[in-house]
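Q: I would like a close look at one part of this model. Please keep it brisk and give the cut-offs.

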Amino acid sequence: VVYTQSEILQREVYLFERLDSPNREPMKHLKAICFLRPTKENVELLVQELRRPKYSVYFIYFSNVISKSDVKALAEADEQEVVAEVQEFYGDYIAVNPHVFSLNLLGCCRGRSWDPAQLARTTQGLTALLLSLKKCPMIRYQLSSEPAKRLAECVKQVITKEYELFDFRRTEVPPLLLILDRSDDAITPLLNQWTYQAMVHELLGINNNRIDLSRVPGISKDLREVVLSAENDEFYANNMYLNFAEIGTNIKNLMEDFQRRKPKEQQKLESIADMKAFVENYPQFKKMSGTVSKHVTVVGELSRLVAERNLLEVSEVEQELACQSDHSSALQSVRRVLQSPRVTELDAARLVMLYALRYERHASNGLPALLEELRARGGTDRYRKLVSAVVEYGGKRVRGSDLFGPKDAVAITKQFLKGLKGIENVYTQHQPLLQETLDQLIKGKLKDSQYPYLGPNTLRDRPQDIVVFLIGGATYEEALAVYNLNRSNPGVRVVLGGTTIHNTRR
């Protein structure tokens, strides 16, 4: 995710192996750099490796804190003294965007409590992040969530136990770690997205920056899997957060620019200088050609899916459910879409889930009838069960915050004005709850009664360095909100993390 194979090759690393691959040949002329998570399995594999070393020297880097007893086990195994150094190099998480990280954990809780193994893994990931950013934070957590409190306590324990590692130069305003629970906003991961990165994840799925395009009709062999990384793809970096309409225009410009730079087919290579110029420009051209064909393919597939699944109409109804409060109009809209044969079962179920979350306690709730229609469409009970599971997970009984209602007259007016201003794009009215939470936090208005501090101390000043972590997964819509917050609040730096990065399917 953070380093391409070609970048590693430039550092003269020519062989890539997994420690657990069985039949590696001994190559005593090579030095080995091992980069590993300090798990029991990895330490055991390393012990076996050192007893019968295959390479001349070993430089061992652990991505997190390793216990003294494990270091001792390695030292005892290293009878041939091949280990040159052992270091902790904190990187026990996946850096997705410059301000977003994930732990790639799906399903971290059982019901309302942590799965113990996942709690341990999340604690490790979060403490490694703090160590790599050199932050020893004050911790706040969402009071309505037992998992948030547990995680806060576990992180605090590690900071207390490893106090020497966390002894960083004090900043004027201490950094803040805010731990939230996905169940407070189950709406955001269920919405269709219309900015590039979020849309690719929603419709195609991004796994460690890779996109699987093998199901695209008529796809060529070299485009079956593509990498989208802002680190080394300029077009992607510039378009990740733009709306789909703008991306269409930008793709067109990219194509035209590419056409202009094409080496003339009939270009006569008469002199040595001509040849030299051709060879020098060719790699740039080749790279650009790869970028163009990749994005044209991805955007083409997104457009195809949007048309095939009728997503513009679906999305409009989703936004109405998420952002407005006219029950009878919403119910009619959902019914209308459920009757369209072009709408997939997933999209139909998604609308019923959103309706169920939004109008759960409405006097004339029409959920039973909608569930009946859903069943008539697909003939399976699977999605009906999912609807009730989603309400159980993120319904009103569970939420610590008011997900839908504006709090006071000012908020109502603001929402009305925003509605007027945002008429030109009905597909992106929704703003995740996280945006409001962070907004309050930055202004120093986030209530201690709902988001208490762990321990006796509280921040007197507004926070500047914020790490916000979502148990149960973050989304690219929230990543966009954080990106915009960082841009509009100079002096404030927010990093967003989650146990995973969701789309509707996840």
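Which residue forms a salt bridge with Glu308, and how far apart are the closest N and O atoms?

A: Glu308 forms a salt bridge with Arg304. The closest N and O atoms are 2.8 Å apart. A salt bridge here is a side-chain nitrogen of Lys or Arg within 4 Å of a carboxyl oxygen of Asp or Glu.

First, the ground rules. This is a predicted model, in which local features need pLDDT of at least 70, side-chain atom pairs count only at pLDDT 80 or more, and totals for chains, interfaces and linings use all residues. Residues are numbered from 1 along each chain as its sequence is written, and side-chain values use heavy atoms, with hydrogens and water left out.

Back to the pair. Glu308 and Arg304 are separated by about one helical turn, because they sit four residues apart in helix 9 (residues 272-308). Helices are DSSP runs of H or I with at least four residues, numbered from the N terminus. An α-helix has 3.6 residues a turn, so residues three or four places apart point the same way. Side chains of opposite charge can pair when their charged atoms come close. Glu308 is partly exposed, at 44% relative accessible area. Arg304 is partly exposed as well, at 30%. Buried means under 20% relative accessible area, exposed means over 50%, and partly exposed lies in between (1.4 Å probe, protein chains only).

The structure holds 27 salt bridges. Another one joins Glu256 and Lys252, at 3.4 Å from N to O. Both residues lie in helix 8 (residues 244-261), four residues apart, about one turn of the helix. Glu256 is partly exposed, with a relative accessible area of 37%.

Helix 12 supplies a further pair. The side chains of Asp347 and Arg350 meet in a salt bridge, 2.7 Å from N to O. They are three residues apart in helix 12, about one turn. Asp347 and Arg350 are both buried. Through shared partners, salt bridges join Glu202, Arg309, Glu318, Asp347 and Arg350 into one network.

Ser340 is in the loop between helix 11 (327-338) and helix 12 (345-358). Ser340 counts as buried, at 14% relative accessibility. Leaving aside neighbours within four places in sequence, Ser340 is in contact with Asn310 and Arg377. Contact means heavy atoms within 4.5 Å.

Now the cysteines. A search of the whole structure finds zero disulfides, a disulfide being a pair of cysteine sulfur atoms within 2.5 Å. For Cys108, the nearest cysteine sulfur is that of Cys109, 4.1 Å away. Cys108 is buried, with a relative accessible area of 5%. The sulfur of Cys136 is 16 Å from the closest cysteine sulfur, in Cys154, and that is too far for a bond. Cys136 is partly exposed, at 31%.

Among the buried residues of helix 17 are Tyr476, Glu477 and Leu485.

Last, confidence. The chain averages a pLDDT of 90, and 94% of the residues score at least 70. pLDDT is the predictor's confidence in each residue, from 0 to 100. Over residues 419-424 pLDDT stays under 50, and the model has zero contacts beyond four places in sequence for them. Where pLDDT is low, the predicted coordinates should not be read in detail.

Methods
Helix = DSSP H or I, 4+ residues; strand = E, 2+ residues; numbered from the N terminus.
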